[in-house]
Number of protein chains: 2
Amino acid sequence: MTVATQRIAAHLRSAILGGHIAPGERVRQEDVAQELGASRLPVREALQMLAAEGMIEHEPNKGARVPWLSMREVDVMYKMREQLEPLALSESMPFLTPGDLLRLEEIQDEIEAGVEVEQFLALDREFHLRTYSACGIDHLTSTVTRLWNSTQYYRRAFMHISGPSRRWVVNAEHRLLMDALGRRDEIDAGRFLAGHIRRTRIELNRHPEVFGED
Amino acid sequence: MTVATQRIAAHLRSAILGGHIAPGERVRQEDVAQELGASRLPVREALQMLAAEGMIEHEPNKGARVPWLSMREVDVMYKMREQLEPLALSESMPFLTPGDLLRLEEIQDEIEAGVEVEQFLALDREFHLRTYSACGIDHLTSTVTRLWNSTQYYRRAFMHISGPSRRWVVNAEHRLLMDALGRRDEIDAGRFLAGHIRRTRIELNRHPEVFGED
DNA sequence: GCACCTCCTATTGGATCCAATCCAACCTAC
DNA sequence: GTAGGTTGGATTGGATCCAATAGGAGGTGC
């Protein structure tokens with residue numbers, strides 16, 4: 001199965017991450033199959049994968065749709081990130097190469113050059129996930145990636161309503177983190193990262209309108 | 001898809017958890033289909049789900065097999081549990097009913113009555129997962145469940161080689177945890193739980209033979 | 001006019017069939 | 001005797017077909 005299935009799953013993932021499929025929206029097998037020039041079978045398998053990843057939910061005989069998340073759900077998912085990402089970072093840090101750090105620098109430079117929301121989301125995501133990727137533990141990186149994937153929609157909504165000061169804070173925190181990484185200071189890096197996530201979570205809680213809960 | 005697929009996925013999960021399919025062992029679609037009286041199609045979808053859960057791995061054109069985990073992988077997965085389960089407990093605690101606590105008591109009584117390894121594994125698993133189930137956050141409970149599922153084989157091997165003193169320690173720690181839960185003492189409960197997991201992890205690291213790494 | 005029931009269509013779920021790939025055994029050439 | 005190529009069986013991957021279910025449109029009775 002895998003070759004076509006993986007391709008389709010990747011396509012659907014990026015369509016959801018890119019906001020082309022919004023929460024609540026239904027995903028019909030036939031549509032996806034035609035769009036990608038495949039039969040419904042590998043589409044069904046891809047949907048099964050995404051369901052296991054939490055990116056879509058599947059009701060018997062009613063099909064697949066992107067799930068809505070409540071504010072509490074997202075809040076707890078940020079708490080999970082706050083617990084897991086410092087661990088991922090400390091497991092990854094010993095294996096980060098100077099080349100990796102250089103790449104982080106490039107990404108951050110690009111962010112600070114001033115980009116639109118959509119590209120900011122992609123770059124911010126790449127920045128963080130890249131710092132974890134060297135850890136080599138699949139269960140860990142995939143769990144963290146899942147948390148990023150499932151909350152992307154709400155992160156986007158948040159970026160759209162928050163002003164430029166939000167960006168400045170993020171940039172400063174990224175620089176602090178990179179500095180600690182360069183010094184190989186595991187303690188500082190973990191502290192900055194946890195604080196970065198925690199502050200974002202608290203900020204999010206001030207905006208229930210992101211979740212349609214005002 | 002869902003009705004048959006879920007049934008088959010559940011069957012495969014319990015077969016792996018029960019040790020009837022060991023790491024490295026191949027899972028052929030046809031065999032499973034015949035055993036459960038279904039066609040290969042829902043089996044393929046179930047395998048796709050389990051692959052996304054990390055319980056099997058899938059190589060294109062070569063089929064599915066239960067993956068081996070290295071000692072480091074399991075070590076990091078225990079570190080993940082150490083971070084996540086106290087969170088799950090604190091999110092769940094406000095919603096735990098007296099009936100839930102009573103059920104925990106029953107499970108622990110049964111464990112202490114003296115059970116075989118296989119039943120101990122099942123009861124221990126139910127004990128802990130039940131303390132989290134009230135939190136109502138799917139992403140959290142399913143992540144924790146995944147970590148338990150994927151490490152079950154190694155937990156079994158460990159229980160087989162460790163003596164009865166190991167059981168006494170676990171029992172004492174469970175009682176401490178239950179006591180804290182009864183007092184609604186979130187701090188103590190989290191502390192006991194984290195320590196429980198951490199000590200188990202350290203103990204595991206003393207037995208590389210569990211992973212075929214001596 | 002409103003509620004309920006029936007039928008019809010759109011969509012998903014499952015089975016069978018055929019093609020592509022892999023792996024191992026065997027055969028040939030040197 | 002060994003290395004390398006070749007062929008055949010086993011298994012997975014993909015497409016098409018048919019069955020089952022959901023949900024809405026339309027009709028009928030009161």
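A helix axis here is a line fitted to C-alpha atoms over the stretch in contact, and the angle between two axes is taken between their N-to-C directions. The model on screen is predicted.

**Stop 1: two helices of chain A.** Select residues 117-132 of chain A, which form helix α6, and then residues 164-182 of chain A, which form helix α8. Their axes lie 13 Å apart and the helices pack at an angle of about 20°. Angles under 35 degrees count as roughly parallel, so α6(A) is roughly parallel to α8(A). The crossing of α6(A) past α8(A) is left-handed.

**Stop 2: the contact between them.** Show side chains on both helices. On the α6(A) side, pick A:V117, A:F120, A:D124, A:F127, A:H128 and A:T131. They meet A:R167, A:V170, A:H174, A:L177, A:M178 and A:L181 in α8(A). Sorted by kind, the residues of this contact are seven nonpolar, three polar and two charged.

Stop 3: In soluble globular proteins, nonpolar side chains tend to be buried together. Next, centre on A:L140. Which residues does A:L140 contact, leaving aside neighbours within four places in sequence? In chain A they are A:L84, A:L87, A:A88 and A:C135, and in chain B they are B:V76 and B:M80.

**Stop 4: a strand residue.** Go to strand β2 of chain A, residues 57-59, and select A:E59. A:E59 is partly exposed, because its relative accessible area is 43%.

Methods
Residues are numbered from 1 along each chain as its sequence is written. Chains are lettered from A and ligands numbered from 1 in the order in which they are written. This is a predicted model: local features need pLDDT of at least 70, side-chain atom pairs count only at pLDDT 80 or more; totals for chains, interfaces and linings use all residues. Side-chain values use heavy atoms; hydrogens and water are left out. Axes are lines fitted to C-alpha atoms, for helices over the stretch in contact, and angles run from 0 to 180 degrees between N-to-C directions. Helices (H or I, at least four residues) and strands (E, at least two) are DSSP runs, numbered from the N terminus. Angles under 35 degrees count as roughly parallel, over 145 as roughly antiparallel, 65 to 115 as roughly perpendicular and the rest as oblique. A crossing is left-handed if the near helix is turned anticlockwise from the far one by less than a right angle, and right-handed if clockwise. Contact means heavy atoms within 4.5 Å. Ala, Val, Leu, Ile, Met, Phe, Trp, Tyr, Cys and Pro count as nonpolar, Asp, Glu, Lys and Arg as charged, and the others, Gly among them, as polar. Buried means under 20% relative accessible area, exposed over 50%, partly exposed in between (1.4 Å probe, protein chains only).
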